[in-house]
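Subject: Structure for you to look at

Hello,

Here is the structure I said I would pass on. Please open it beside this email and follow along; my notes come after it.

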Amino acid sequence: MTRVRVTAPRTAARPAKETREAAQDSEVGQVFVRSLIRSQLRLALVVAAGFLLILGAFPLLLAVVPGLAETRVAGVPFAWLLLGVGIYPVIGLSAWLYIRTAARNEARYRDLAEDQ
Amino acid sequence: MNPGVALAALVGVSVATAVIGFYGLRISRTTGDFYVASRTVRPWWNASAIGGEYLSAASFLGVAGLILLSGTDALWFPVGYTAGYLMLLLFVAAPLRRSGAYTIPDFTEARLDSRPVRKVTSLVVVLVGWLYIVPQLHGAALTIRITTGLPSWVGSVAVVIVVCLTVVAGGMRSITFVQAFQYWLKLTALAVPILFIIFVLAGSGSAPLAPPAVNPTGVAPAGLYQNVSLLVALLFGTLGLPHVLVRFYTNPDGQSARRTTLIVLGLLSVFYLFPTAYGLVGRMFAPGLARAGQADAMVLLLPGELVGGTAGDLLSALVVAGAFAAFLSTTSGLVVSLAGVISQDVLGAGVNGFRLAAVISAVVPLGFAFMTDSFALAGSVGLVFAFTASTVCPVLLLGIWWRGLTDAGAIAGMLTGGVLCGGAMIVGAFAGVATTPGWLAQPAAWTVPAAFAVMVIVSRATEQRIPKTMSKVMTRLHTPERPLATER
């Protein structure tokens, strides 16, 4: 058995499939592409903003409610549970929501592009 | 701690890494295997590999050490490291995969159709990589000094030698398996000892020495500005790290790049529970570890301090093994991606160019590591994130989402962010930790907006330079890849 050197060029992006671009070169195709990009950007911004709001609300909650930070749950102060454990499910949930909706946006784009 | 046990753990990790690397080499041998790795690397393997590469010395040692020192303020570090991946998912994961670019310079060159942009991006990426390797070597130096009593430089040199040998021998091909293995090793190495410690503490009913709110060193708590600036750096720094992008290339398409990122988020969330637990247990039961002035070594010392005896030695050995897995995996991931950039842009492609570039990428930061002193690992990695967020992040985000970006704007923005953030880092390094004002110690909150602003303004002023290929590239970045005919 001999080893083979990897020889394909690693520079620059490789062209995407021809079929993919043919349908998108027309003016109508470009309109669909623009609207896809806009809806994906809007989705990403909404999810990011929602996550950051929740993230900001956590320390605010601890600062506003007196004594909450020191309240013990199973021996662990609540502030530690909230910031050290509670934030991660929020991150996971945001990610899951985003992926679902992003895939739906792409499916809608495909339907449009097919109908064309 | 027994130095023999620590050395055995160290040798064990290096040998395991080499063996798995060899196994990976044996099953992927041809050019086809390399490029079609996209079809054979399953999302779980890929996600474990991303996790293995991403969890560095800062995560393994630094986070727990910083929590020991500054309590809940330091919890923003693990949150930011994880949420950075959320931002990566939202704004860059699928478009970057669809770009087909292998490195960040590849991406900027393809998007802006410009060689000068490629050169500047390469320069920035190499700087980021070197800056990121230095704390790994500091971590290795600290671990060796604390656990074996050998001089510090042995640790850094050992990491560089092992990384050079594996990268020069195997290149990229075997790395996925090694990195995936190292994620699970790191997780086990943190989880088993802390669960054992909690079990012992609960069984013996020992009372905490200090309440968790008490700061053992009396360092002033970070202000609102510092926390916000840190979060900006961590949230926007992750998506520009050079070794992260390469991993997305091994996904078959954009949607699976997203799914892989979701798994990575889960893996990171589980992992960061444990440094947090170390920090909390250390604060309550072993506050003395912070006073000794080596808080970063807390994870290594805690099992010996709280369990002791043979059990303590064995648990310590496990932690040392995990720590070395962290130094090795992050450093080798960075060295591979840096070597790719350096060999393409400076030395010319080819295997020998790649090997020489790999050695250069590992040895230069070793020099930096000797010249500088290690202070809080999580803090110095945080600064690297600030630098990435001020340079690579704006060009990626604007390149993916804004049609108006031009090569002149990209170069001006990257240079602005790099000079401002790099300047703040240099001034901060000379002024020392204690005397640096907050806005210089955590520069991201003003350097990132500055870089974005310059990039947008200069692009607006040079609108005629928008590349002709722009709408074609934007289409490729954002449209799902399967050909319409075979859809559903």
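Leaving out neighbours within four places in sequence, Ile20(B) is in contact with Phe177(B), Val178(B) and Phe181(B). Two residues are in contact here if their C-beta atoms, placed from the backbone, lie within 7 Å. Ile20(B) is part of helix α1 (residues 3-27) of chain B. Helices (H or I, at least four residues) and strands (E, at least two) are DSSP runs, numbered from the N terminus. Ile20(B) counts as partly exposed because it has 18 C-beta neighbours inside 10 Å. The cut-offs are these: a residue is buried if 20 or more other C-beta atoms, placed from the backbone, lie within 10 Å of its own, exposed if 12 or fewer, and partly exposed in between. Gly379(B) is 359 residues from Ile20(B) in sequence, and their C-alpha atoms are 32 Å apart.

Some ground rules. This is a predicted model, in which local features need pLDDT of at least 70 and side-chain atom pairs count only at pLDDT 80 or more, while totals for chains, interfaces and linings use all residues. Residues are numbered from 1 along each chain as its sequence is written, and chains are lettered from A and ligands numbered from 1 in the order in which they are written.

Confidence

The model scores ipTM 0.85 and pTM 0.86. The predictor's confidence in each residue is its pLDDT, from 0 to 100. Chain B has a mean pLDDT of 81, with 86% of its residues at 70 or more. Over residues 28-38 of chain B the pLDDT stays under 50, and the model has 19 contacts beyond four places in sequence for them. Residues 483-488 of chain B are also below 50, with 11 contacts beyond near neighbours in sequence. Chain A averages 79, and 78% of its residues score at least 70. In chain A, pLDDT stays under 50 over residues 10-19, for which the model has 21 contacts beyond four places in sequence.

Chain B

Chain B has 23 helices and zero strands. Of its 488 residues, 60% are buried. Among contacts in chain B with a separation of 6 or more, 84% are between residues 24 or more positions apart.

Which residues have the most contacts inside the largest nonpolar core? They are Leu86(B), Met298(B), Val320(B) and Ala321(B), in a core of 192 residues. The largest share of this core, 19 residues, comes from helix α17 (residues 309-347) of chain B. A nonpolar core is a set of buried Ala, Val, Leu, Ile, Met, Phe, Trp, Tyr and Cys residues joined through C-beta atoms within 7 Å. In soluble globular proteins, nonpolar side chains tend to be buried together.

In α17(B), 32 of the 39 residues are buried, so the helix is largely enclosed by the rest of the structure. From first C-alpha to last, α17(B) reaches 53 Å, close to the 57 Å expected at 1.5 Å a residue. The expected span is 1.5 Å times one less than the number of residues in the helix. Beyond four places in sequence, Ala321(B) is in contact with Ala9(B), Gly12(B), Val13(B), Leu185(B) and Ala189(B).

Leu396(B) is in helix α19 (residues 377-401) of chain B. It counts as buried because it has 26 C-beta neighbours inside 10 Å. Not counting residues up to four places away in sequence, Leu396(B) touches Val92(B), Leu239(B) and Gly240(B).

Asp113(B) is in the loop between α8 (104-112) and α9 (115-148) of chain B. Its phi is near 50°, a positive value in a residue other than glycine.

Chain A

Chain A has three helices and two strands, in the order α-α-β-β-α from the N terminus. Buried residues make up 23% of its 116 residues.

Helix α2 (residues 27-64) of chain A has 38 residues and should span 56 Å at 1.5 Å a residue; its end C-alpha atoms are 54 Å apart, which agrees. The buried residues of α2(A) include Phe32(A), Leu36(A), Gln40(A) and Phe51(A). What covers the buried residues of α2(A) includes α3 (78-115) of chain A, together with α6 (76-91) and α23 (470-478) of chain B.

Regards
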